[in-house]
Amino acid sequence: MYGSLFEKADAVVVFGGSNRAYFTETETSFGCVLLTPDTKTFYTDFRYALVAEKNAAGAYEVVVTSPEKLDGLLADKLASLGAKSVGYEEDVLTVARFKELKKALAGFTLRPMSSALSAVRTVKTEAEIAHIKKAQSITEHVLSAVLPLLKVGVSEREISAELTYRFLRLGADGLAFDNIVAFGENSSDCHHTAGDRKLDRGDIVLFDIGAKAEGYCSDMTRTFVFGEPTARMTEIYDLVLTAQQNVLKFLKAGMTGREADSIAREYFRANGFEREFGHSLGHGVGIDIHESPRLSPNNYEELPENCVVTVEPGLYTEKFGVRIEDMVVVKKDGIENLTNFAKSIII
């Protein structure tokens, strides 16, 4: 299943928390996974011994150890397996940690392997997609329950707290990321932190929210107007919605991330709104809320079948912003949209 990892290395050592969780289905704050074509070893400490045995036993040899002993155990195991080259995550290890690892594994050739690990995680299995669907279902139910709570005088912070409470009540493991709840002018801030701004009639209301379920994330953005929208609000909203619909119509496997992004970007440019679209079109979603692949002007790589990505064009003016985001599975001939929440400007 992970054969591509061993094209440039005899073994791979995995230290990154998300990568460990991917391979072992166990979230830990300490540990390492050692992979070879024929063996799988999961190193962790006393705190996670029971859950590691429960989740990984049978597929992995579970070794309970301590941080100060880990590198020595890795060196001994690699030597016993006859490994000569070892892949590692260059985008995870600090300089200090890499120096320690290099010293402990002095007899082996170390080779960067982050991109190969990312590629393995990019293509989602049916089980992974099912977990993401569960997280998305929770997200949609929560937003439906919270919308009726919007009233004049309620604050962003109060609505964000309600979202969090209802996520947990509906069975989410937690939040996929901090809730973005933005009223009025705060919607111009793409990653606004909910504060004490109170809702008033005629305000834009932007929600960017997601749950985590079975270790996997969801991500959805909806923008509304609390009351009657102005002509300007309707114009911007319709532009964003049309841009997203265009992407959803043409997005498919084999297209590059740059090509996908350009569908929305060129539409905005043609309508005089190039500067108001300052972020990329979308990103991969999985164990992490931001994964590969990127739907970005800088991504010239082809999108593989069964990756899960967001499609979230947005326009941001000085007075308000509008973003609409769906999460989709990229298929050979199109997409499977995992987002079923209505897109209406008026609450």
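**Close-up 1. Cys217, a buried cysteine.** At 1% relative accessibility, Cys217 counts as buried in this predicted model. The closest cysteine sulfur to that of Cys217 belongs to Cys307 and lies 16 Å away, which is too far for a bond. A disulfide is a covalent bond between the sulfur atoms of two cysteines. The cut-off applied to such a pair is a sulfur separation within 2.5 Å. A search of the whole structure finds zero disulfides.

**Close-up 2. Cys32, a further buried cysteine.** The relative accessibility of Cys32 is 0%, and Cys32 therefore counts as buried.

**Close-up 3. The open sheet of strands E7, E10 and E11.** Three strands make up this open sheet, with antiparallel pairing and the order E7-E10-E11. Strand E7 (174-175) and strand E11 (216-217) are the edge strands, each of which pairs on one side only.

**Close-up 4. The pairing of strands E10 and E11.** Strand E10 comprises residues 211-213 and pairs with E11 in the antiparallel sense over two bridges. Ala213 has Tyr216, in E11, as its bridge partner.

**Close-up 5. The hairpin of strands E13 and E14.** Strand E13 (residues 282-284) and strand E14 (residues 291-295) run antiparallel and are joined by three bridges. Six residues lie between E13 and E14 in this hairpin. Within the pairing, His283 stands opposite Arg294, a residue of E14.

Terms used:
Residues numbered from 1 in each chain as written. Predicted model: local features only at pLDDT ≥ 70, side-chain atom pairs only at ≥ 80, totals over all residues. Heavy atoms only, no water. Pairing = 2+ DSSP bridges. Helix = DSSP H or I, 4+ residues; strand = E, 2+ residues; numbered from the N terminus. Buried < 20%, exposed > 50% of the residue type's maximum accessible area, 1.4 Å probe, protein only.
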